[in-house]
Amino acid sequence: MAGSATSAIEVIGRGHPWLSLAPALCVIAVLFGGGLVLGLAGSFGMGRGGAGVDAWIAVLSEGRVWRSLGLSLWIAFASTALACLIGLGAALLLRRRFPGQGLARLLFQINLTIPHAVGALGILWLLSQSGFVSRLSAGAGLIDGPAGFPALTQDRFAIGIIAHYVWKEVPFIGLILLANMQSLGDDPESAARSLGASPFAAMRLVLLPLLMPALIRAGAIVFAFSFGAWEVPVLLGQSAPVALPVLAWQRFTDPDLATRPEAMAIAMLIALVAALLIRVAMVRR
Amino acid sequence: MSARWRLVLGLMLVVASMAPLLPLGLWSVARGWYFPQILPATWTLEPWARALSPRSDIPEAFVTTTAIALAAAALSLVLGIPAGRALGLYRFRGKALVELALLAPVIVPGIAVGLGIHGVFLRLGLTNSALGVVLVHLVPTLPYVVFVMSGVFANYDAAAEAQARSLGARPLQVLWHVMLPAIAPGVAVAGLFAFLVSWSQYILTLTIGGGRVVTLPLLLYAQAGAGRNDQAGVLAVLSLAPGLVILALVARRITGRGVMIGGAG
C-alpha cells in the first residue's frame, strides 16, 4: 500500500483528502452526531421548557432499569462468548478440505444475509413450546404436550434471544477468522509443528494469538449488537424484565410524554456501553 | 481430525444454520398447522395468493422497502466512494480519528441514536416520510460503503490515472475510463450489501417512519403478532429473497473486511 499511496499523492495531489471525505463526514455528523447530541439534550429535559437531571435521577434510581441493564449485559456476554467459541471451531473446521466443503461454506454464509427480524421469528417458531423442535419431541414420544417442552423462548434466562444471536453471529465470526487464517497461511503453525509442538499446542500458542486482534474486534461488534438490538428481545424476550433497548422504546412510545426524557436517558446509557466497547476493543494502542 | 468427522460436524453446522428457516417456509404453504403435527396436514399456495392479492398490503410494502433500499444504497455510494478513495489512497493527519468517527455508527446501536435523530428530523419535517427513512438508513449503510471502498482503493493503482492524463485524457474521462472499471466489482459489492443492510432495518424505520412508512420487516412483526402465521411466513420468505440472490451473485467476493462491517447489522 505504501508504494501506491506515495505515487497516488504525487499523481493526484491536487485534491485534498478532506474534500473527498467532507460530504460523508457531514452526513454522519448531522445524523449520528446530531442524534447523540439531541438524545443527550433530551435526557436533560431540554427542548421541553426546562433543563434538569430529573430523568437521570429517575432512571438511575429505578430497580427496573438496573434489572434490564443486567439482562442485556447477560444476553450480550453469553451471546458473544458462545458465538466466538463456536465461530472459532467452525473456522478451524471449514479451513481444511473435506467432501462438500464448498457447499458447507456457501450455506454457512447464508444467514449473514438474513434480516434479524426474520431470523428471530424463525427461532421463535423453532424453539417455542409449540414449535418445530417441540413437535419433533412429541412425535418421538419424549413429551405429551406443549407444556412438557422446556420454555426456551420468552424465558427467564433469555435462551431464545441468545440462541438467535449465536445462530446469526457464528458465521460472522467464523468468516472473519477464516479470512484471517487464509492471509496468515499455514507457515506459523507448520513452523511450530516442526519444532515439536502438538497440533493443539500449535493452534493454542501460535494460531490463536495471531487471530486474537480480529476476534476481539469482531466480538466487540457482536457484543454491541446483541446488547443494543430491539427486534430480537421484543419478540423472543419475556415481558419483565425486558432488555434495555425494549425498555427505552416502551418509555419513548408511552402516551405520557413526560417519560420521553427517561427514554433518552436509557438510550444514552446504551450509547455509553457502546462507547466503552469502542474504547476497549477498537482504538489502536 | 479425520475427514469423516469434519463431514459430520460440517453437516451439523449446516443443519443448525438452516433450521430456523424451515418453519418459516413451511408456514408460507400451510393451512392450520397445529401442534403436534410435524408437517402441515394441508399444503396450499393460498397464503401466497392472499399475500399477492390486490387487497393485501404486502406488494406495496415490497415496493416501498425496495425503493428505500435502492435510494439508501445509491446515496451511500455517491457519498461513500469519494470518502473511501480518500481513506484508501492517502495518509493524512487525523485519519485514525476519521476512521473512528465512521466506525462509531456501526457499533452504537440504532435505538441509542434513533431517538435523538427523531428529534432532529422532527425539526426538519422529515418524520413519517420515506425520505426521512432513507436518510436515517444512511447511518448504518454509509460507513459500510466507506470501509469497503477504502479496502478497494488500498489495492488500486492510481499511477494508471497519471498515465492516462499524460496521454491527454481529461479528468472526467480518467474517472470514467480508468477508475470506474477498476473499482466496479468493489462498487457492486458495496452497493448490494448497502441495499441489504437497509432492507433489513427495523427500529430506525419504525422510529422515523412512525408506522406510516410500512416496510416488510414491520409487516412481518405485525402479522406474526396478530397470529397470522401464514402471512408472516410469506413475508419471511420474501424478506430472505434479495439476500439469497445477492449472495449467489457475490459469494466469492465476500472477504473478511466486508463481512466485518456489514455482517452483524
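Student: How much of residues 96-117 of chain B is helix, and how much is strand?

Tutor: This is a predicted model, and in it residues 96-117 of chain B are 91% helix and 0% strand.

Student: What makes residues 96-117 of chain B a "transmembrane region"?

Tutor: That name comes from an unreviewed UniProt entry, which lists residues 96-117 of chain B among its transmembrane regions. Such annotations may be inferred rather than shown by experiment. The entry also lists residues 174-196 of chain B, a stretch that is 100% helix with end C-alpha atoms 31 Å apart.

Student: Which residues of chain B does UniProt give as "domain: ABC transmembrane type-1", and what is their make-up?

Tutor: The unreviewed entry places that feature at residues 62-250 of chain B. Over this range the chain is 83% helix and 0% strand, and its end C-alpha atoms are 23 Å apart. Chain B as a whole has 13 helices and 2 strands.

Student: How do you know that helix H9 of chain B is not straight, and where does it bend?

Tutor: Compare its span with its number of residues. Helix H9 (residues 171-199) of chain B has 29 residues, and at 1.5 Å a residue a straight helix would reach 42 Å. The end C-alpha atoms of H9(B) are only 35 Å apart, short of that value. H9(B) bends by about 55° at Ala184(B), and Pro185(B), a proline, follows within four residues.

Student: What is the pattern of chain A along its sequence?

Tutor: Chain A reads α-α-α-α-α-α-α-α-α-α-α-α-α, with 13 helices and 0 strands.

Student: Why is chain A called more spread out than a compact globule?

Tutor: For 285 residues the globule rule gives a radius of gyration of 19 Å, whereas chain A has 24 Å. Along the principal axes, the C-alpha atoms of chain A fill a box of roughly 75 × 70 × 30 Å.

Student: What share of the residues in each chain counts as buried?

Tutor: In chain A, buried residues make up 45% of the 285 residues. In chain B, 51% of the 265 residues count as buried.

Student: Why is Gly122(A) called buried?

Tutor: The cut-off is 20 or more other C-beta atoms within 10 Å. Gly122(A) has 28 C-beta neighbours inside 10 Å, and therefore counts as buried. Gly122(A) lies in helix H6 (residues 116-127) of chain A.

Student: Which residues is Gly122(A) in contact with, leaving aside its neighbours within four places in sequence?

Tutor: They are Pro20(B), Leu21(B), Pro23(B) and Leu24(B). Two residues are in contact if their C-beta atoms lie within 7 Å, and these four meet that test with Gly122(A).

Student: How many residues does each chain give to the contact between them, and what kind are those of chain A?

Tutor: Chain A gives 92 residues and chain B gives 88 residues. On the side of chain A that touches chain B, the largest share, 17 residues, comes from helix H2 (residues 17-43) of chain A. That side divides into 68 nonpolar, 19 polar and 5 charged residues.

Terms used
Residues are numbered from 1 along each chain as its sequence is written. Chains are lettered from A and ligands numbered from 1 in the order in which they are written. This is a predicted model: local features need pLDDT of at least 70, side-chain atom pairs count only at pLDDT 80 or more; totals for chains, interfaces and linings use all residues. A residue is buried if 20 or more other C-beta atoms lie within 10 Å of its own, exposed if 12 or fewer, and partly exposed in between; C-beta atoms are placed from the backbone. Ala, Val, Leu, Ile, Met, Phe, Trp, Tyr, Cys and Pro count as nonpolar, Asp, Glu, Lys and Arg as charged, and the others, Gly among them, as polar. The radius of gyration is taken over C-alpha atoms; the globule rule is 2.2 Å times the number of residues to the power 0.38. The expected span of a helix is 1.5 Å times one less than its number of residues. The bend at a residue is the angle between axes fitted to the seven residues ending there and the seven starting there.
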